[in-house]
Every structure is written in structure tokens, then in C-alpha cells.
Amino acid sequence: WEINGSFYQPSAFLMMGIPGLEALHHWISIPFCALYLIALLGNCMILFIIKKTQSLHEPMYYFLSMLAVTDLGLVLCTLPTTLGIFWFNMRRIGFDACLTQMYFIHILSFIESSVLLAMAFDRFIAISHPLRHSSILTKTTVIKIGLAIIVRGMVSLLPIPFLLKRLTYCRKTELSHSFCFHPDIMNLACADIKVNVFYGMIILLSTVGMDFIFIVLSYVLIIKTVISLATKEECLKALNTCVSHICAVLVFFIPMIGLSMIHRFGKNVPPLVNSLVAYTYLIIPPALNPIIYSIKSSHIREALLRALWRKRD
């Protein structure tokens with residue numbers, strides 16, 4: 001399993017754009033640029049509006065700010081390498097730089113999962129215990145939740161780069177994506193990767209997997225509470241406050257689960273499908289989340305319109 005019985009670690013990896021469509025990369029970059037621009041402007045707009053609007057200084061919008069910051073981080077992690085390939089065919093990335101990018105992509109993904117769980121908890125408290133909502137989720141509590149989310153992501157993923165650095169690698173250095181992903185790097189090794197597979201699976205199930213289970217549980221309790229409400233109008237009004245969050249959960253978790261399954265079990269999946277699922281996972285949620293919340297949240301929509309009118313005046 002080692003090359004000539006010696007330890008080998010490549011100085012760099014070669015990233016892949018969209019397989020089979022390399023000749024069209026310049027044209028493909030146009031929708032990618034549009035998505036990145038929407039994600040950057042949209043999330044910055046969300047942060048600006050929440051900061052400037054005193055009435056939005058509530059737990060729900062604090063968690064939305066965390067989600068916007070996380071989405072900005074994901075965009076900034078993948079934008080340089082993705083557009084570098086599409087525009088300049090810059091496929092090479094140093095070994096340590098690749099591990100660094102991978103670490104931050106995974107941390108931000110785990111943080112986004114945890115923030116979505118915190119938002120589900122906020123909706124459960126707001127619907128089930130509306131009179132106690134402000135006393136349970138105080139500003140201090142929200143800050144503590146945010147710090148706990150960051151620490152959990154950083155600590156749980158800290159061993160991953162070191163587990164990859166201990167491996168010896170084959171001469172093949174071509175990755176499957178235009179960014180660095182743990183299973184992708186791991187599969188290039190010419191060593192026993194059981195520890196990496198086991199640790200990666202345990203961390204994924206104990207963080208993102210548990211987050212998803214608790215989100216589902218939160219909505220089971222929310223639906224149970226909503227059913228007990230007196231009128232149909234009250235039921236619809238309560239559920240309407242959850243629509244944006246449900247959309248954000250689906251947009252994030254469906255492609256993430258799909259990509260994880262492809263890397264672990266999809267040996268015969270075409271490279272093009274693998275690539276498209278990966279881009280959907282990392283680019284679509286940051287671009288769609290601001291749109292979803294701007295459309296469905298009347299408070300954000302009204303604050304945005306007020307800001308635009310002030311600029312015109």
C-alpha cells in the first residue's frame with residue numbers, strides 16, 4: 001500500500017471543474033458568477049438590515065444573522081478556486097492549502113447545520129411558549145448558543161487534517177471537485193483509511209445527523225402544538241412563520257446527504273452528477289437563503305423597502 005515502501009505526500013493536488021464540459025468553462029462561469037454575486041449581496045443585505053433595524057433585534061433574526069455569516073464564509077471558501085478553474089484553468093492547489101480549505105468548508109457546513117437546529121428551537125419556543133420566548137432566548141443565551149456552535153464545529157473537525165497528513169498518497173493527485181472535500185482527499189491515499197472513514201462517519205452522524213433528527217423532532221412538537229390551536233387561521237399563521245426555515249433546511253440537507261452518500265457508496269455514479277451535487281450543496285443554499293427570507297419574512301421585506309426609499313430620498 002506504500003509506493004516503494006516509502007512515505008509519499010504530494011506537494012499539490014489538481015482540482016477538477018465540471019468533467020466533460022471543460023471547453024465550456026468560460027460560459028459555465030456566468031451562472032456561477034451570478035450565484036456567487038447573489039449570495040454575497042443577499043447575505044450582506046440581510047446582515048445590514050438586521051443591524052440597522054431595531055425591531056429585528058430578536059432571537060430569530062440573530063440566528064438568521066449567524067446563518068448569513070456562515071453562508072458568506074462558504075461562498076468565500078469556494079469562490080477563488082472555482083472561478084480560478086473556470087476563468088484561468090488554475091487547477092493546482094498546495095497540499096496544506098487544500099487541507100485548510102477543506103477544514104473551513106466542513107466547519108462552516110457543520111456550523112450551518114447547528115444554526116438551522118437553533119432556528120428550529122427558536123420556532124418551537126415561539127409557537128409553544130410565546131409568552132416565555134423572550135425570557136428563555138435572551139441575548140446572552142443566543143450568544144452562548146452561537147459560541148457553542150462554533151466551538152463544537154472547530155473541535156470535532158480538528159483531527160481531520162492531521163488524519164489526512166499521516167497518510168501516504170498514490171501518484172494520482174486529481175480531485176473530483178473545484179474545492180477540497182475530506183472523502184475526496186482520503187480516497188487518493190495508498191494507505192489504510194479505516195480510521196479516517198470511521199472518524200468521519202462518527203462525526204457526521206453525531207453532529208449533522210443529530211442536528212437533523214432534532215430539527216425533525218422540533219417540527220413534530222410544533223405540529224402537535226399547532227393542531228391544538230383553536231382556529232384554522234391561528235394554525236396557518238403559526239405554520240407560516242416556519243416556512244422560510246423549512247425551505248432553508250431542505251435546501252441545505254438534501255444536497256449534503258446526497259453528496260455524502262455519493263462519496264461513500266456511489267462508486268458507479270457519473271462524475272458529472274457528483275460534481276453537480278457538490279456545487280448544489282455549497283453554492284445554492286448561500287444564494288437561496290437570503291431570497292427565501294426576503295420573500296417570506298414581512299419584517300425583512302418592509303425594512304428593505306424602507307432602506308431603499310431612504311436612499312432614493
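1. The model is predicted: local features need pLDDT of at least 70, side-chain atom pairs count only at pLDDT 80 or more, and totals for chains, interfaces and linings use all residues. Residues are numbered from 1 along each chain as its sequence is written, and side-chain values use heavy atoms, with hydrogens and water left out.

2. The largest pocket holds about 660 Å³ of space. Its lining comprises 21 residues, and M60, R123, K237, T241 and H299 are the closest to the centre. A pocket here is an open set of points on a 1 Å grid over the protein atoms alone, where a 1.4 Å probe fits, with protein on both sides within 12 Å along at least five of seven lines; lining residues have an atom within 4 Å of a point.

3. Helix α9 (232-240) is among the elements that supply at least two residues of this lining, and its 4 residues are the largest share. The lining of the largest pocket divides into 8 nonpolar, 8 polar and 5 charged residues.

4. The second largest pocket has about 460 Å³ of space. Among its 16 lining residues, S176, D184, N187, H263 and N274 lie nearest the centre.

5. L40 is placed in helix α1 (residues 25-52). Its relative accessible area is 24%. Beyond its neighbours within four places in sequence, L40 is in contact (heavy atoms within 4.5 Å) with L72, V75, L76 and L79.

Note on methods:
Grid points are joined across faces, edges and corners, and a volume is the space filled by probe spheres set on the points. Ala, Val, Leu, Ile, Met, Phe, Trp, Tyr, Cys and Pro count as nonpolar, Asp, Glu, Lys and Arg as charged, and the others, Gly among them, as polar. Buried means under 20% relative accessible area, exposed over 50%, partly exposed in between (1.4 Å probe, protein chains only).
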